[in-house]
Amino acid sequence: KADDENLWGIAPRAMRELYELVDAEKDTLDISVSCYMLELYNDQLVDLLVDKDPKKKNHEPDKKNNLAIKLDAKGVVVVQGA
């Protein structure tokens, strides 16, 4: 059941906790939240939270939203285009 929090995965639990923290601090801080959820499928990096083009198959990449995993100058992994 979706309403049974004991069965929730890591993403729903993290989102719930994040927004509980935002709500607790809303009177003292100006907070903005953005996120993406990535999936590597058939050697393509796909953002699962981006609206999909209904004309395309499920995991067909959108050319205008190409994502790439790179290392920056400090050796930190970044996702370009996200």
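Biologist: Is tyrosine 19 buried, partly exposed or exposed?

Modeller: In this predicted model, tyrosine 19 has a relative accessible area of 44%, so it counts as partly exposed. You can find tyrosine 19 in helix 1, which covers residues 10–25.

Biologist: And which residues form a nonpolar patch with Tyr19 on the surface?

Modeller: The patch is formed by Tyr19 together with Met15, Leu29, Ile31 and Val33, and these residues have about 420 Å² of accessible area together.

Biologist: OK, switching to charges, how many salt bridges does a search of the whole structure find?

Modeller: The search of the whole structure finds 3 salt bridges. One of them joins the side chains of arginine 16 and glutamate 5, with a distance of 2.5 Å from N to O. Arginine 16 lies in helix 1 while glutamate 5 lies in the segment before helix 1, so this pair ties together parts that are 11 residues apart in sequence.

Biologist: What else does arginine 16 form a salt bridge with?

Modeller: Arginine 16 also forms a salt bridge with glutamate 20, where the closest N and O atoms are 3.9 Å apart. Both of these residues lie in helix 1, and they are 4 residues apart, which is about one turn of the helix. Taken together, Glu5, Arg16 and Glu20 are linked in a network of salt bridges.

Biologist: How accessible is glutamate 20, and how does it count?

Modeller: Glutamate 20 has 48% relative accessibility and therefore counts as partly exposed. Arginine 16 is partly exposed as well, with a relative accessible area of 30%, and glutamate 5 is partly exposed with 42%.

Biologist: Which residue meets lysine 26 in a salt bridge?

Modeller: That is aspartate 23, whose side chain meets the side chain of lysine 26 at 3.0 Å, N to O. Aspartate 23 counts as partly exposed at 44% relative accessibility, whereas lysine 26 counts as exposed at 52%.

Biologist: New topic: is aspartate 47 buried or exposed?

Modeller: Aspartate 47 counts as buried, because its relative accessibility is 16% and the cut-off for buried is under 20%. Its place is in strand 2, which covers residues 44–47.

Biologist: Which backbone nitrogens lie by a polar atom of its side chain?

Modeller: The backbone nitrogen of leucine 49 lies 3.0 Å from a polar atom of the aspartate 47 side chain, and the backbone nitrogen of methionine 37 lies 3.4 Å from a polar atom of that side chain.

Biologist: And what does aspartate 47 touch, leaving out residues up to four places away in sequence?

Modeller: With those residues not counted, aspartate 47 touches Tyr36, Met37, Leu38 and Leu67.

Methods:
Residues numbered from 1 in each chain as written. Predicted model: local features only at pLDDT ≥ 70, side-chain atom pairs only at ≥ 80, totals over all residues. Heavy atoms only, no water. Patch = residues over 30% accessible without salt bridge, like charges linked within 9 Å, V, L, I, M, F, W, Y side chains within 5 Å. Areas by Shrake-Rupley, 256 points an atom, 1.4 Å probe, with all protein chains shown as cover. Salt bridge = Lys/Arg side-chain N within 4 Å of Asp/Glu carboxyl O. Helix = DSSP H or I, 4+ residues; strand = E, 2+ residues; numbered from the N terminus. Buried < 20%, exposed > 50% of the residue type's maximum accessible area, 1.4 Å probe, protein only. Polar contact = N/O pair within 3.5 Å; in protein donor to acceptor, adjacent residues only side chain to side chain. Contact = heavy atoms within 4.5 Å.
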